[in-house]
Amino acid sequence: MNVMKKIQQLALLSVILLPSLTVVAHEQSGTLGDAASATDIYTIVCEAGSSQVYFDFYSSLPKGSPTDLVLSAQVLGGKNTLTMTDPNSSDKLPSRGDEIQSDGLIVLVNKNKTGKANFALDYHCQSASGDHTGTEITQIQNQ
Amino acid sequence: MKQQRGHVFLSLVTMALISHAQLSGAENSGTQSLGNKIGIVDTYTITCQAPSTHLDFKLRDTTDQVNTNATLPKPAPQLINAHLSKTINKKKVTVDALDIIPNDAKEFTLNGGNGAYQLKLDTLNTNLQLLTAQNYTVQYRCLNSNGVDTTPSAGGLKTGIDSAIKTLKNKATATFNLSCAKHKTLGNTDKIYIKITNKLVIPANASKNNVAVLSGQIYKDQTAINTTDLVSTDDNFSEKVTLNAQSGNYLAIIGTSATDNTKNNAKTYVFEYHCLDNLNTSKPATLLPLENN
């Protein structure tokens with residue numbers, strides 16, 4: 001069974017089932033709660049004709065969180081699953097970015113330890129020639 | 001995970017056999033490896049047979065284990081002991097759960113029916129050289145003979161979920177007074193269920209300068225959970241996490257927070273997975289590698 005394909009199908013279904021949460025934007029902010037296990041999930045779906053998705057993210061810490069708290073994001077949907085990390089939550093620099101050959105992604109966002117954190121996902125769907133195409137994001141888990 | 005191709009099939013068969021053979025507890029992936037390249041992950045499918053209700057998962061970074069064991073004596077762990085008691089027919093009956101080590105949990109029950117129970121925690125035989133107070137959580141449930149919750153009560157604790165993290169200093173004790181009553185429709189309490197988790201105390205600077213740490217995510221049916229092993233030089237697993245997503249295929253993703261191409265970011269690791277039903281009885285599980293990097 002192609003598990004990745006099934007995950008993508010589930011993601012697309014979630015977009016259909018949760019229209020009220022769908023927004024159109026190229027930046028999506030979010031927060032992670034205190035638990036070390038906290039994970040947020042988003043689906044990014046591209047309009048027909050798209051062939052790739054650019055993705056990176058920024059992390060920041062609210063007052064009181066450990067200064068060595070680090071956020072990571074796992075990106076599912078391309079040929080290979082990837083993980084990206086913003087190595088410093090105190091600067092204003094993002095994680096590394098990547099163009100993933102896919103017409104949609106599932107993104108998991110989490111962190112290395114207990115403590116609250118903020119993040120902003122930066123993403124856009126593209127055609128094969130690099131033109132931006134229609135992009136929808138949906139949050140399907142908020143922890 | 002870089003295994004010789006000739007051994008891959010044999011490994012898969014071995015994993016499947018091990019998975020079916022060890023149904024009494026958590027199952028182990030065996031030592032795996034993740035390459036140096038930034039951003040890569042290993043992925044696996046863990047299949048829980050029906051009627052599983054959840055998957056427990058934890059992982060351990062074993063990268064520095066060989067060198068550590070060769071050069072440093074292994075320190076004894078800090079630990080917590082639990083003693084659950086109830087007076088039954090004028091006799092005090094006690095169930096003990098001893099030597100709960102960091103990042104481990106022990107679950108136990110006492111068939112004492114309705115009434116008052118007392119849970120006492122202590123640190124007898126802990127490593128007194130380690131001075132940091134231990135962190136732990138408590139969970140309790142009152143259950144009838146069918147394993148269904150009856151009517152619990154306890155100051156400061158909610159039934160069925162882990163408490164907020166509490167602390168216990170060396171040589172200190174903690175006492176919880178718990179009560180189980182008859183439920184008006186579900187009947188009498190048959191037993192009380194207790195789970196004590198010893199939460200590892202993480203060194204404050206463990207991830208300073210973004211040391212590449214190993215983490216794992218479990219994903220199924222649009223839910224996910226994360227766990228991280230911040231220290232590669234010890235024997236401790238990451239915090240055990242649970243994803244309540246019934247039976248079927250769970251996706252496990254193993255990766256690191258590495259961002260520095262000038263360092264060797266390769267890792268070796270093991271993980272434990274355990275399919276369980278709503279009474280925390282083990283259910284068959286199989287493990288299938290998907291992406292080996």
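Biologist: Which secondary structure elements does chain A contain?

Modeller: In this predicted model, local features need pLDDT of at least 70, side-chain atom pairs count only at pLDDT 80 or more, and totals for chains, interfaces and linings use all residues. Residues are numbered from 1 along each chain as its sequence is written, chains are lettered from A and ligands numbered from 1 in the order in which they are written, and side-chain values use heavy atoms, with hydrogens and water left out. Helices (H or I, at least four residues) and strands (E, at least two) are DSSP runs, numbered from the N terminus. By that rule chain A has 1 helix and 10 strands.

Biologist: What percentage of the residues in chain A is buried?

Modeller: A residue is buried when its relative accessible area is under 20%, exposed when over 50%, and partly exposed in between (1.4 Å probe, protein chains only). Chain A has 143 residues, and the buried share is 54%.

Biologist: How much area do chain B and chain A bury between them?

Modeller: The size of an interface is often given as the accessible area lost when the parts come together. Here the buried area is taken with a 1.4 Å probe and summed over both parts. Carbon and sulfur atoms hold 58% of the total, which is about 2,500 Å².

Biologist: Which three residues supply 24% of the area that chain B buries against chain A?

Modeller: Contact (heavy atoms within 4.5 Å) involves 32 residues from chain A and 33 residues from chain B. More of the area buried by chain B comes from one trio than from any other three residues: Y219(B), Q222(B) and N226(B).

Biologist: How many residue pairs are in polar contact across the interface of chain B and chain A?

Modeller: A polar contact is a pair of N or O atoms within 3.5 Å; within protein, one must be able to donate a hydrogen and the other to accept it, and residues adjacent in sequence count only if both atoms are side-chain atoms. With both residues at pLDDT 80 or more, the number of such pairs across the interface is 7.

Biologist: Is Q217(B) buried or exposed?

Modeller: Q217(B) belongs to strand β14 of chain B, and its contacts include Q74(A), L108(A) and N110(A). The side chain of Q217(B) also makes polar contacts with the side chains of S215(B), at 3.2 Å, and N226(B), at 2.8 Å. Because its relative accessibility is 1%, Q217(B) counts as buried.

Methods:
Buried area is the accessible area (1.4 Å probe) that two parts lose on being put together, summed over both. Lists of a residue's contacts leave out its neighbours within four places in sequence.
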